[in-house]
Amino acid sequence: MERDDFRRGRPRLRIHETCSNNFALQGVTLSHLRSIRLHSQSVRAEMTRAYRVKGKKRKNRDVVEKYHREEKEVEDEEQVQPKKPNLQKEEPTQTPTSSIITEENKNNELIGIPIAPPTEKNSEKPGVIFILEKASLEIAKVGKTYQLLNPDEHASFLLSQKKKPDDYRPDICHQALLSILDSPLNKAGRLKMVYIRTEKGVLIEVRPDTRIPRTFKRFAGLMLQLLQELRISDGGKRLLRIIKNPVTQYLPTNSWKAGLSSSSKKVVNMKDYLSTIPSNLDLVFVVGAMAYGKVETDYTEDYIAVSEYQLTAAYCIARICNSIEGKWNIL
């Protein structure tokens with residue numbers, strides 16, 4: 001047997017072959033076979049050990065080169081930028097108070113409902129209260145999440161539930177709130193409160209200093225949060241909350257309550273109609289926030305129509321606010 005055969009891993013004589021042939025080969029003894037096996041094992045160990053040593057050397061060489069390279073970079077930096085002794089003490093930087101105030105205001109603002117600027121205090125003067133009746137603010141589990149139902153996104157879902165998509169119009173309530181809260185009447189401090197009564201009888205209180213989100217998507221998220229958590233506050237101040245029925249317990253006693261309906265036979269000019277109401281009474285207007293139908297309440301004293309044509313809730317509110325602003329000299 002040659003030495004090269006062991007290095008290549010192809011020995012000519014194998015133990016199991018010799019045992020199976022009962023040592024048929026002449027001149028081969030058992031001790032000779034054992035020495036051959038030991039020699040082959042030692043050769044294989046040397047071959048595998050060489051690769052491990054080679055890998056370790058390469059790894060150690062890379063570590064040493066990296067260490068020397070980093071040490072050289074540190075020396076170069078020290079030569080370029082020598083350290084100078086600090087002879088003066090560093091004075092603490094002071095942030096201006098104006099920036100602190102603005103940061104606090106940003107933190108206090110609730111996402112989606114920034115607080116409106118403070119209005120004039122006219123609590124002693126008569127004010128206005130708006131009640132939005134039959135607002136379609138209903139949430140349902142669509143897929144894996146709860147959402148505010150509207151015909152644009154949930155028409156197929158509503159039809160599968162055998163419901164009319166036109167009965168779910170939260171955008172009407174959104175437009176009406178924007179028309180009320182953005183009016184000069186509110187900015188002058190003469191708006192006392194806004195109440196929303198949903199189709200299912202949930203009563204919502206909206207403070208005059210609340211600024212409703214401009215986009216409908218953010219408004220839908222706000223109403224979803226309100227109907228789930230029952231209140232929305234900012235800095236301990238409640239902006240929107242769900243209150244107990246009936247709404248009459250929150251209305252002032254010395255107030256004139258009028259409902260608006262396009263089907264009313266009493267079509268009035270708002271300026272002439274306001275002149276007939278005593279100036280020391282608060283004004284309460286009930287407006288429907290639904291797509292079609294009639295608002296029927298038992299606490300209104302009069303039903304009027306501000307036009308001969310059917311108008312949206314937002315435009316009716318704009319006409320009312322404009323007429324009251326003219327009467328109270330609010331520019």
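Helices, as the term is used in these legends, are DSSP runs of H or I with at least four residues, numbered from the N terminus. The model shown is predicted.

**View 1. Asparagine 329 in the segment after helix 10**. Asparagine 329 has a positive phi of about 55°, although this residue is not a glycine. The position falls just after helix 10. Asparagine 329 counts as exposed because its relative accessibility is 66%, the cut-off for this class being over 50%.

**View 2. Helix 10 and the elements packed around its buried residues**. Helix 10 comprises 15 residues, numbered 313–327. From its first C-alpha to its last the helix reaches 21 Å, close to the 21 Å expected at 1.5 Å a residue. Its buried residues are Ala313, Ala314, Cys316, Ile317, Ile320, Cys321, Ser323, Ile324 and Glu325. In an α-helix there are 3.6 residues a turn, so residues three or four places apart point the same way.

View 3. Helix 10 gives the most, with three residues. Sorted by class, the lining has 14 nonpolar, nine polar and two charged residues.

**View 4. Threonine 210 and its contact with leucine 239**. Threonine 210 is located in the loop that runs between strand 5 (203–206) and helix 8 (216–229). With a relative accessibility of 2%, threonine 210 counts as buried, since that class covers values under 20%. The threonine 210 side chain reaches the backbone oxygen of leucine 239 at 3.4 Å.

**View 5. Leucine 230 in the loop between helix 8 and strand 6 (231–234)**. Leucine 230 has a phi near 70°, a positive value in a residue other than glycine. Its relative accessible area is 45%, and leucine 230 is therefore partly exposed.

**View 6. The cis peptide bond between asparagine 245 and proline 246**. Omega of this bond is about 0°. Proline 246 lies in the loop between strand 7 (237–243) and strand 8.

Technical notes. Residues numbered from 1 in each chain as written. Predicted model: local features only at pLDDT ≥ 70, side-chain atom pairs only at ≥ 80, totals over all residues. Heavy atoms only, no water. Helix = DSSP H or I, 4+ residues; strand = E, 2+ residues; numbered from the N terminus. Buried < 20%, exposed > 50% of the residue type's maximum accessible area, 1.4 Å probe, protein only. Polar contact = N/O pair within 3.5 Å; in protein donor to acceptor, adjacent residues only side chain to side chain. Expected span 1.5 Å × (residues − 1). Contact = heavy atoms within 4.5 Å. Nonpolar A, V, L, I, M, F, W, Y, C, P; charged D, E, K, R; others polar.
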